[in-house]
Amino acid sequence: MSRLLALLLTLVVGASLPATAQQTVADLVVTNGRIYTADAARPVVDAMAIRGGRVVFVGDRAGAKALTGAATQVLDLDGQTVIPGMTDAHAHVLGLGQSLRNVDLVGTTSYDAVIARVVERAMQTPKGEWIIGRGWDQNDWGDTRWPSHEALSRAVPDHPVYLERVDGHAAVVNALAMQRAGLTRATKDPSGGQIIRDARGEPIGVLVDNAQSLVERSIPAATRAQVKGMIAAAITEMHRWGLTGVHDAGASAQTLELYEELGGEGALDMRLYAMISDHAPTLEAWFRRGPQSGLFDGRLWVRSIKLYQDGALGSRGAALLEPYSDDASTSGLLVSAPAHIREVADHALVAGFQVNTHAIGDRGNRLVLDAYQAALAARPTADHRFRVEHAQILHSDDIPRFAALGVIPSMQASHQTSDMYWAGNRLGETRLRGAYAWRSLLETGTIIPNGSDFPVEYVDPLISFKASVSRQDAKGWPVGGWFPEQRMTREEALKSMTIWPAYAAFQERELGSLTPGKHADFVVLDQDLLRIPDAMLSQVRVRSTWFAGRKVYERR
Ligand SMILES: [Zn+2]
């Protein structure tokens, strides 16, 4: 109601102004800064003006001043840096929401510290409700033996508690959790799992690998309202890190329904590009409905599908052309039959949807390119923008095929810095030359939308920015960078988080750069991301995040 009143007032006041001024007075002027636009036409400007949630002007201070009226909000940057709102082109929104709900146990230095965090959460949680935590590591404690449930059960008697180890391969649970799960000394170890017991044969509350599911399966699934809350919490978290856009790499029918519900309530302050999970009834329903673009004034897109070709490198699930260098008995596995990728691609081309397939190994990537090539040959489509998600390890013959087919490699620079310590063991020296091969790909003329794959990696997109330009970890290792010839320039890295993700999502006319006519999503940084020395890149922080010309986050 008050919004309507404000609109009426604007109309009344506006009516007394000359027609041209009325059209050009800005809601917000951002001035006296160093604004990197990611627009090749005007890469750096001092000022910009915003009206109705969109950029209406970029240029010099005088130009912006001319658009300033009595009601215009002025943001004086005092020399600070602005970049377009960043987009994570491959992440898991609900996964982030779930992890935010868990008690964070990373960095705890004793079992007592773990218990203290759970007690704190128990005080805010209704009795009887489950408390889930993650991230403890007994190797960081003074006493590195397995913990035992008694102290936890005494401190938190009224909530079932399930606390996963940092690697996800073990959990400690309390007495109430064991009671809920019916776990007693009579319970046998499942195959591939172990219930740790004391000298008398009593379970001590620690469950290893497949034994974890004995308790895990008693944890009730989140309610619809809880899932909605998790999505909202994930969006708030993304704002903290300067993200105004995300490509959600696999959304279920329920998640998509909740996105639309949030959009309808005006509670979706995110450019959300949702890939539909590979689930036949869900795909059929969306094929019937057709591609949806820019719903809720540019907040939701549903016009792509997420498929999986192979597994991951760490667990030797990535499909390789030759056996693993550190295990000659395997060359990985296929999660889907190549014929399935082809079949979905055929349907998608008919229905006007994009296909984005996870492929990590060189064989996985080749198979996806083959399937796409066959589908496109049967149904030539000019602007398909099919993607390979990860494209981590490529045979040199396949690198030029991306540009030739118009297939976009969607890559996560932070995976390179996480995997570089052991990728050589898995792959050997020769194959490393085609691993995370950004420069080789860029030289063929393709773009590379960047991402984090959170919550697998941290949400902060500047971690991938630093990895893209340095190929070094936060400590500056290795000196000179890991296969430094594959680095991106700073300008490329900025594009890989702004305009390239927009292109990879058919949004480049609406988003991705600070260009008149586009949505006014931007981030104020505390340092000049494009000019400071490499060593300082880890220290850059987001000061504020703006979505559609409105501040959605400010650092305190
Ligand atoms: Zn992923």
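Biologist: Which residue follows α13, and what is its phi?

Modeller: This is a predicted model, where local features need pLDDT of at least 70, side-chain atom pairs count only at pLDDT 80 or more, and totals for chains, interfaces and linings use all residues. Residues are numbered from 1 along each chain as its sequence is written. Helices (H or I, at least four residues) and strands (E, at least two) are DSSP runs, numbered from the N terminus. The residue after α13 is G352, with a positive phi near 85°.

Biologist: How far apart are the end C-alpha atoms of helix α13?

Modeller: The expected span of a helix is 1.5 Å times one less than its number of residues. Helix α13 covers residues 338-351, 14 residues in total, so it should span 20 Å. The distance between its end C-alpha atoms agrees with this: 20 Å.

Biologist: Within what arc do the buried residues of α13 fall?

Modeller: A residue is buried if 20 or more other C-beta atoms lie within 10 Å of its own, exposed if 12 or fewer, and partly exposed in between, with C-beta atoms placed from the backbone. In α13, the buried residues are I341, V344, A345, A348 and L349. They line one face of the helix, because the directions from the helix axis to the C-beta atoms fall, for these residues, within an arc of 140°.

Biologist: Which residues of α13 are exposed on the other side?

Modeller: The buried residues of α13 pack against β18 (300-308), β19 (354-359) and α14 (362-378); packing here rests on contacts, meaning C-beta atoms within 7 Å. On the other side of α13, the exposed residues are A339 and V350.

Biologist: Which strands stand at the edges of the open sheet of four strands?

Modeller: Two strands pair if DSSP finds at least two bridges between them. The sheet has mixed pairing and the order β5-β4-β1-β6. Each edge strand has a single partner, so one side of each is left without a neighbour in the sheet; these strands are β5 (54-59) and β6 (73-76).

Biologist: At what angle do the axes of α4 and α9 cross?

Modeller: Axes are lines fitted to C-alpha atoms over the stretch in contact, and angles run from 0 to 180 degrees between N-to-C directions. The axes of α4 (residues 93-101) and α9 (residues 224-240) come within 8 Å and cross at roughly 95°.

Note on methods:
Contact = placed C-beta atoms within 7 Å.
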